[in-house]
Amino acid sequence: MTAAQNELNQTQFSTEEPFFEQPGAVFQEAQEIKQVVPFFKRRKTIISLIIAVTLLLLFVLFVINLIVERNRRLGDPPVITTETPAPMSTNSYVQEVEQLRVEWKAVDPSQSELQPPSVDPSIRLDQLQR
Amino acid sequence: MIRSRTSLVSLALLLIFGVTISELSLSQSTVLAQEAGRDTVFTAPVETNKQQELAVLYQSLIEDYGTKARVFSLNRAQWQSLQTLRSLEEAVTATTAVLVARDKTMITYFELLLGVLEKTPGIELTLKQQSKDALTARIQWLQLHEQQSLQSVDRDSVNARSDEYRQASDLIGTEAQYALMLVRLGQLQTTFDRANGLYGRILERNKSNPSTPTQEIERERAYTQVGILKDSIQSDLTLARNSLDPQTAERGKIEESYASFISRLESPYSKTYKYLSYLEELALDTW
């Protein structure tokens with residue numbers, strides 16, 4: 001390489017020098033890649049989770065409701081309606097007889113309810129002189 | 001933009017959730033309301049609150065009386081064996097306590113009995129009023145006796161209080177038994193009266209629904225049998241009632257034995273069951 005060439009190269013170098021002095025500038029542009037977003041901060045994930053939890057809750061409530069309804073139908077005695085009684089049918093006469101039977105059992109004269117208390121009428125400090 | 005979409009979805013889901021919860025609670029409250037209504041129908045308290053309070057008080061007074069009676073027996077035995085002034089003092093105190101406890105128990109018992117007598121239908125009003133007056137007078141006597149017993153602090157006075165009660169005890173028992181006999185009679189009479197009311201309605205129904213001539217003849221025969229039984233029950237109940245009225249009782253002496261009176265009621269009681277069986281057959285209208 002000649003001296004003249006060297007001088008030319010130096011000139012070229014001087015024009016190109018700024019590019020070689022800041023090599024990181026290229027890297028900085030490359031760092032503009034999207035940041036890593038945490039799993040629970042993703043929009044779709046949040047929506048999916050909310051939907052899943054809600055559906056699960058709805059399902060649980062549905063099952064609870066089913067169980068309650070079934071228990072009510074099977075376990076509870078029939079509910080007496082308060083409708084105004086229509087003209088008495090044969091069935092209602094029989095029902096009245098049943099009610100009277102219950103009443104009849106309750107008025108058994110041999111029951112011991114309300115018998116006087118068994119208190120001692122002869123309580124005395126000194127025995128009576130006979 | 002994204003946040004607003006998320007909020008909208010969340011809001012919608014919350015709305016669905018809220019609606020579901022409210023539906024669920026509505027169905028639950030309906031069940032509870034029905035249960036509450038059912039309770040009102042089936043377990044409506046027959047007794048008033050006062051009666052219930054008296055019943056609770058009565059139980060506690062009986063227990064208190066039992067405790068004080070045991071203490072009295074112990075202290076009296078000590079006094080009889082030791083014959084010391086201290087043992088006499090303790091025996092007098094124990095006697096006063098048991099006399100007061102007995103009066104309180106009897107007062108509460110008579111108040112309970114008076115309440116039951118008042119609300120029991122089917123008792124002739126004259127007889128009911130006489131018994132109520134007797135019970136009220138007895139309660140007053142017992143209250144006075146309780147006050148006098150509380151003031152009795154020496155040997156002679158507690159013995160005097162004991163004698164007063166002992167002399168009245170037979171009458172106290174008779175008054176209680178009499179009221180109880182009226183209650184038992186009234187209860188059975190009420191059931192019988194209700195059965196008669198039902199029989200009347202069944203007859204009306206059958207009259208308004210005439211059947212074939214053969215069936216009508218069968219019905220008439222059934223009515224005759226029911227009528228005989230009904231008259232028999234009423235006759236038994238009348239006899240029982242008359243035994244409690246001085247004006248109609250045999251030789252003017254009312255029934256004093258509770259056991260004897262109850263045996264009088266056995267017959268109409270068992271016949272009433274038969275009467276109800278007949279009514280059930282008539283109600284089914286198989287004639």
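A: In this predicted model, helix α2 of chain B, residues 49-82, packs against helix α3 of chain B, residues 85-119, at an angle of about 155°. Their axes lie 7 Å apart. An angle over 145 degrees counts as roughly antiparallel, and α2(B) is therefore roughly antiparallel to α3(B). The crossing of these two helices, α2(B) and α3(B), is left-handed. Sorted by class, the residues in the contact of α2(B) with α3(B) are 21 nonpolar, 8 polar and 7 charged.

The loop between α2 and α3 of chain B contains Q83(B). This residue, Q83(B), is not a glycine, yet its phi is positive, at about 55°.

Helix α6 of chain B covers residues 213-242 and helix α7 of chain B covers residues 258-284. They pack at an angle of about 160°, and their axes are 9 Å apart. The two helices α6(B) and α7(B) are therefore roughly antiparallel to each other. The crossing in which α6(B) passes α7(B) is left-handed. On the side of α6(B), the contact includes A222(B), Y223(B), V226(B), L229(B), I233(B) and L237(B). On the side of α7(B), F261(B), L265(B), P268(B), Y275(B), Y278(B) and L282(B) are among the residues that take part. Charged residues also belong to this contact, including K230(B) and D236(B) from α6(B), and R264(B), K271(B) and K274(B) from α7(B). Taken by class, the residues of the contact of α6(B) with α7(B) comprise 14 nonpolar, 4 polar and 5 charged.

Helix α7(B) also meets α5(B). The axes of α5(B) and α7(B) cross at roughly 15° and come within 10 Å. An angle under 35 degrees counts as roughly parallel, and α5(B) and α7(B) are therefore roughly parallel to each other. Here too the crossing is left-handed, as α5(B) passes α7(B). The contact of α5(B) with α7(B) has 20 nonpolar, 3 polar and 2 charged residues.

Q189(B) lies in helix α5, which spans residues 155-208 of chain B. With a relative accessible area of 13%, Q189(B) falls under the 20% limit and is therefore buried. Apart from neighbours within four places in sequence, Q189(B) is in contact with G122(B), Q234(B) and L237(B). L237(B) is also one of the α6(B) residues in the contact with α7(B).

From the N terminus on, the order of elements in chain B is α-α-α-α-α-α-α. Chain B has 287 residues, and 40% of them are buried. Of the contacts in chain B with a separation of 6 or more, 76% are between residues 24 or more positions apart. The accessible surface of chain B is about 15,500 Å², and carbon and sulfur atoms account for 58% of it.

Chain A, for its part, has 4 helices and 0 strands, and its elements run α-α-α-α from the N terminus on. Buried residues make up 19% of the 130 residues in chain A. Chain A exposes about 10,900 Å², of which carbon and sulfur atoms supply 60%.

A residue of chain A shows where the two chains touch. E103(A) is found in helix α4 of chain A, which covers residues 90-106. Leaving aside neighbours within four places in sequence, E103(A) is in contact with T190(B), T191(B) and R194(B). E103(A) counts as buried because its relative accessibility is 18%, where the limit is 20%.

In the segment after α4 of chain A lies L114(A). L114(A) has a positive phi of about 65°, although L114(A) is not a glycine. At 17% relative accessibility, L114(A) counts as buried.

Notes. Residues are numbered from 1 along each chain as its sequence is written. Chains are lettered from A and ligands numbered from 1 in the order in which they are written. This is a predicted model: local features need pLDDT of at least 70, side-chain atom pairs count only at pLDDT 80 or more; totals for chains, interfaces and linings use all residues. Side-chain values use heavy atoms; hydrogens and water are left out. Axes are lines fitted to C-alpha atoms, for helices over the stretch in contact, and angles run from 0 to 180 degrees between N-to-C directions. Angles under 35 degrees count as roughly parallel, over 145 as roughly antiparallel, 65 to 115 as roughly perpendicular and the rest as oblique. A crossing is left-handed if the near helix is turned anticlockwise from the far one by less than a right angle, and right-handed if clockwise. Buried means under 20% relative accessible area, exposed over 50%, partly exposed in between (1.4 Å probe, protein chains only). Contact means heavy atoms within 4.5 Å. Accessible areas come from the Shrake-Rupley method with a 1.4 Å probe; for residues, only the protein chains shown count as cover.
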